[in-house]
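This report describes one protein model by its elements and contacts. The sequence and structure come first, then the notes.

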Amino acid sequence: ILAIPIDRTRFDDRWDRVRRAPPASLMRSELRRAGVTRDLGDAEILRRVNQWVNRRIAYVDDDRNYGQSDFWATAGQTIARGRGDCEDFAILKMQMLAAAGIDRDRVKLVLLRDLALNADHAFLLVQSAQGRLVLDNMTDQLYDGSRANDVRPILSFSGARRWVHGYLDARPALAAATPPAGQ
């Protein structure tokens, strides 16, 4: 798999809108409810945020939630409605992690094709001391992104950076989907 930096995607307007920090008071409140405190290590923060969002937000597709086929909700919109689809879960997790002090450069929104379900999907990929961990709305368990062989990343976003993903063979692996920070 190749992660190729690109300048523009058709999702840029959506990404630019949802990556803006929500009100700090809103994020502090959600972190408090999730049991996230300053004395926790990164791994525990990731676990608690993933579990909190997965249990607090109901999955609803964009057609039913917003009357559109593909709408990227801000963290505030997802919290207010209490529901969203996979990228809404990932965006809320991204904003909560940033508010908890996780460096935004270590966090990527990944748009992908889930080969096992034959469906489009999105999740958050976080570079941590334990490697690349996936925060997914489909499970409360964090899992190793380098072992996620049933997914085919298409695009990923982090800050002002974007990547399109290309493949050299038929077996995609998420491990190469996100270059180390600074590349």
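## Aspartate 12

Aspartate 12 counts as buried because its relative accessibility is 10%; buried means under 20% relative accessible area, exposed over 50%, and partly exposed in between, with a 1.4 Å probe and protein chains only. Aspartate 12 is placed in helix α1, residues 12–18. Helices (H or I, at least four residues) and strands (E, at least two) are DSSP runs, numbered from the N terminus. The model is predicted: local features need pLDDT of at least 70 and side-chain atom pairs count only at pLDDT 80 or more, while totals for chains, interfaces and linings use all residues. Residues are numbered from 1 along each chain as its sequence is written, and side-chain values use heavy atoms, with hydrogens and water left out.

The side chain of aspartate 12 makes a polar contact of 2.8 Å with the side chain of threonine 9, and another of 2.6 Å with the side chain of arginine 162. A polar contact is a pair of N or O atoms within 3.5 Å; within protein, one must be able to donate a hydrogen and the other to accept it, and residues adjacent in sequence count only if both atoms are side-chain atoms. Leaving aside residues up to four places away in sequence, aspartate 12 touches Asp7, Phe157 and Arg162, where contact means heavy atoms within 4.5 Å. Between aspartate 12 and phenylalanine 157 the C-alpha to C-alpha distance is 9.3 Å, at a separation of 145 residues in sequence.

## The sheet

Seven strands make up an open sheet with antiparallel pairing, in the order β1-β9-β8-β4-β5-β6-β7. β1 (2–6) and β7 (143–144) are at the edges with a single partner strand each, so one side of each has no neighbour in the sheet. Two strands pair if DSSP finds at least two bridges between them.

Eight bridges join β4 (residues 107–114) and β5 (residues 119–128) in the antiparallel sense, with leucine 111 opposite alanine 122 of β5. β4 also pairs with β8, again antiparallel, over six bridges; here leucine 112 stands opposite proline 153 of β8.

Strand β8 (residues 151–158) is mostly covered, with six of its eight residues buried. β8 and β9 (residues 161–166) run antiparallel and are joined by four bridges; serine 156 has tryptophan 163 of β9 as its bridge partner. Two residues lie between the strands in this hairpin, where glycine 159 has a positive phi near 55°.

## Helix packing

Helix α6 (residues 86–99) lies across β4, β5 and β6 (131–135), at about 15° to β5. Axes are lines fitted to C-alpha atoms, for helices over the stretch in contact, and angles run from 0 to 180 degrees between N-to-C directions.

The axes of α3 (residues 42–56) and α6 come within 10 Å and cross at roughly 140°. α3 is therefore oblique to α6; angles under 35 degrees count as roughly parallel, over 145 as roughly antiparallel, 65 to 115 as roughly perpendicular and the rest as oblique. Residues making the contact include Ile45, Val49 and Trp52 of α3 and Phe89, Leu92 and Met96 of α6.

Helix α2 (residues 24–34) has Met27, Ser29, Glu30, Leu31 and Ala34 as its buried residues, and these pack against α3, α5 (75–81) and α6. Just after α2, glycine 35 takes a positive phi of about 80°.
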